[in-house]
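Biologist: Can you put the model up? I'd like to go through some of the packing with you.
Modeller: Here it is.

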Amino acid sequence: MSEVPEYVVRLLDGVRFTLILTVGGFAIGAVLALPLAAARRSSSRVLRLAAIGYVETLRGVPPIAWLFLLYFGLAQVDIRLSSLTAGVIGLALIAAAYLAEIYRAGLRAVPHGQLEAARAVGLGSVRIYRHVIGPQAIVTVVPPAAAFLIGLLKDSALASLIGVPEVTGLALRLTQQEFDGLAIFTAAGIIYLALSVPLATFARWLGTRLSARLAFG
Amino acid sequence: MPAAVVRAGNEPAQGGAKGAPLVRAEGLGVRFGELDALIDVDLEVGAGEVVAVIGPSGGGKSTFLRCLNLLEPPTAGRVYLDDELIVDADAQQFPIGRRLTALRRQVGMVFQSFNLFPHLTALENVTLAQIHALKRPEAEAAARGRELLARVGLSPQADKRPMHCSGGQQQRIAIARALALDPRLMLFDEPTSALDPELGIEVLDVMRELVRDGMTMVVVTHEMAFAAEAANRIVFMADGRVVESGPPERILREPQHVRTKRFLEAVLQR
């Protein structure tokens with residue numbers, strides 16, 4: 001291992017935190033976004049407005065402000081989250097808002113006749129979404145959701161500002177320990193690329209496969 | 001003979017009803033905001049009866065059909081199935097949840113635009129509701145599905161997606177999908193209007209076969225030849241109302257209302 005510079009080894013140590021923030025935030029957000037998207041399409045005005053309120057509030061404030069609020073703000077009322085927990089929760093709440101809108105667009109892309117046909121054969125709402133609307137909506141959802149996931153990977157760097165030792169946070173620390181800043185941040189950049197390029201490739205493959213399955217392409 | 005004329009205009013079910021009413025609508029109305037799509041419609045359909053609903057577009061035919069399987073909640077009137085009150089719009093009573101889905105399963109619906117599930121094969125389209133709504137075991141559902149596809153002449157298409165089938169084939173798959181729930185009533189909403197005439201024939205043939213098998217059907221259609229030969233009764237609707245109804249030969253040959261005459265002249269002179 002003598003060929004690999006020490007700062008690279010130490011940076012790689014942060015990859016798992018970057019992944020926990022990104023994957024954790026995305027996965028929790030993807031689940032939270034389901035009831036949000038349902039509320040957004042609800043016939044109840046109160047639910048609709050509540051969902052719109054949530055989405056606009058979360059999207060309208062910089063992500064870093066949410067992370068500070070969760071980490072420093074909540075500590076003042078004696079809710080002390082670890083920096084990693086605050087990071088994951090923060091990114092999850094933000095992801096839920098964006099993904100809810102992405103789901104909504106996907107659901108809207110499914111023709112109304114599909115809903116009617118599914119109702120006419122006596123399927124209940126849950127089964128309609130699971131077997132009829134969902135599988136068709138997902139084709140529209142995958143590309144923007146994948147783009148958002150890649151964005152989230154990069155946004156996870158913000159968690160460095162509340163002390164999570166993920167890739168960017170470690171890079172900052174290393175430059176303070178008299179390592180060469182140019183080399184370190186170049187290495188950090190390459191690490192992010194090594195994570196995002198396969199992700200983008202996979203998303204493209206999945207998108208093509210799904211549209212082929214639906215015979216839309 | 002004024003009495004005869006009155007009688008002729010007032011006995012819609014005469015000569016048509018073969019049994020007790022399966023479905024009955026009373027004073028049915030649907031209002032979309034300021035627009036009355038359906039006004040005070042009364043109609044009985046007996047078991048085994050075939051009713052053709054004709055009339056100009058926007059006259060309320062589709063809306064009426066959609067009320068019968070509860071896709072459109074009426075804003076006035078009542079619907080009975082087997083003399084059981086299932087919708088009472090005047091009392092704001094609508095079935096929900098399990099009761100709603102259970103009622104819909106008794107009524108099959110065929111749409112103008114087919115509305116097949118594009119991500120599923122023909123066979124899967126026919127088995128989906130059997131498995132998830134009727135809880136039939138998969139093997140049994142598949143067997144029934146293949147039997148129905150064979151009945152509509154589409155065994156070779158069983159594993160194809162709708163996109164790879166012709167319009168006429170798609171509509172026949174849609175009929176098989178509706179039949180898979182063993183419905184007691186089949187509703188057809190202009191089933192051939194989106195098809196080339198040649199493809200429409202194969203769909204009409206399947207429908208004629210259902211008539212022969214004694215299926216109770218309400219068919220919204222512009223196919224006058226089909227209505228004339230297959231229906232026990234024709235209902236003419238315009239401007240959201242039933243203008244007149246009666247046996248096909250009378251409605252088509254001796255319409256009583258000017259509105260009906262005008263419509264039939266326009267249709268038959270093509």
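Biologist: How are helix 6 and helix 7 of chain B oriented to each other?
Modeller: This is a predicted model, to begin with. In it, the axes of helix 6 (residues 167-179) and helix 7 of chain B cross at roughly 20° and come within 8 Å. Angles under 35 degrees count as roughly parallel, so helix 6 and helix 7 of chain B are described as roughly parallel.

Biologist: Which hand does the crossing of helix 6 and helix 7 of chain B have?
Modeller: Helix 6 of chain B passes helix 7 of chain B in a right-handed crossing.

Biologist: And which residues make the contact?
Modeller: From helix 6 of chain B there are B:Gly167, B:Gly168, B:Gln171, B:Arg172 and B:Ile175. Helix 7 of chain B brings B:Leu199, B:Glu202, B:Val203 and B:Val206. By class, the residues of that contact are four nonpolar, three polar and two charged.

Biologist: Is B:Glu190 buried or exposed?
Modeller: B:Glu190 counts as buried because it has 21 C-beta neighbours inside 10 Å, and the cut-off for buried is 20 or more.

Biologist: What about B:Gln92, what is its phi?
Modeller: B:Gln92 has a positive phi of about 60°, and it is not a glycine either. B:Gln92 sits in the loop between strand 5 (84-88) and helix 3 of chain B. B:Gln92 is exposed, with 8 other C-beta atoms within 10 Å.

Biologist: Now B:Arg241. Where is it?
Modeller: B:Arg241 belongs to strand 10 (residues 241-246) of chain B. B:Arg241 has 18 C-beta neighbours inside 10 Å and therefore counts as partly exposed.

Biologist: And what is B:Arg241 in contact with, leaving aside its neighbours within four places in sequence?
Modeller: B:Ile39, B:Asp40 and B:Val41. The C-alpha atom of B:Leu38 is 6.2 Å from that of B:Arg241, although the two residues are 203 apart along the chain.

Biologist: Back out a bit. How many helices and strands does chain B have?
Modeller: Ten helices and ten strands. The C-alpha atoms of chain B fill a box of roughly 60 × 45 × 35 Å along the principal axes. Of the 270 residues of chain B, 49% count as buried.

Biologist: What is the radius of gyration of chain B, against a compact globule?
Modeller: Chain B has 19 Å, which agrees with a compact globule of 270 residues, for which the radius of gyration would be near 18 Å.

Biologist: At what angle do helix 4 and helix 5 of chain A pack?
Modeller: About 135°, for helix 4 (residues 63-76) and helix 5 (residues 83-108) of chain A, with their axes 9 Å apart. That angle makes helix 4 of chain A oblique to helix 5 of chain A. Their crossing is right-handed.

Biologist: Which residues meet there?
Modeller: On helix 4 of chain A they are A:Pro63, A:Trp66, A:Leu67, A:Leu70 and A:Tyr71. Among those they meet on helix 5 of chain A are A:Ala86, A:Ile89, A:Leu93 and A:Ile94. The residues of this contact divide into nine nonpolar, three polar and no charged.

Biologist: And what do the buried residues of helix 8 of chain A pack against?
Modeller: Helix 1 (6-12), helix 2 (15-40) and helix 9 (181-213) of chain A. The buried residues of helix 8 (residues 167-176) of chain A include A:Val167, A:Leu170 and A:Leu174. After helix 8 of chain A comes A:Glu178, with a positive phi near 55°.

Biologist: Last one. How many residues does each chain give to the contact between chain A and chain B?
Modeller: Chain B gives 20 residues and chain A gives 18 residues. On the chain B side, helix 3 (97-105) and helix 4 (122-132) each supply at least two residues. That side of chain B has ten nonpolar, six polar and four charged residues.

Notes: Residues are numbered from 1 along each chain as its sequence is written. Chains are lettered from A and ligands numbered from 1 in the order in which they are written. This is a predicted model: local features need pLDDT of at least 70, side-chain atom pairs count only at pLDDT 80 or more; totals for chains, interfaces and linings use all residues. Two residues are in contact if their C-beta atoms, placed from the backbone, lie within 7 Å. Helices (H or I, at least four residues) and strands (E, at least two) are DSSP runs, numbered from the N terminus. Ala, Val, Leu, Ile, Met, Phe, Trp, Tyr, Cys and Pro count as nonpolar, Asp, Glu, Lys and Arg as charged, and the others, Gly among them, as polar. The radius of gyration is taken over C-alpha atoms; the globule rule is 2.2 Å times the number of residues to the power 0.38. A residue is buried if 20 or more other C-beta atoms lie within 10 Å of its own, exposed if 12 or fewer, and partly exposed in between; C-beta atoms are placed from the backbone. Axes are lines fitted to C-alpha atoms, for helices over the stretch in contact, and angles run from 0 to 180 degrees between N-to-C directions. Angles under 35 degrees count as roughly parallel, over 145 as roughly antiparallel, 65 to 115 as roughly perpendicular and the rest as oblique. A crossing is left-handed if the near helix is turned anticlockwise from the far one by less than a right angle, and right-handed if clockwise.
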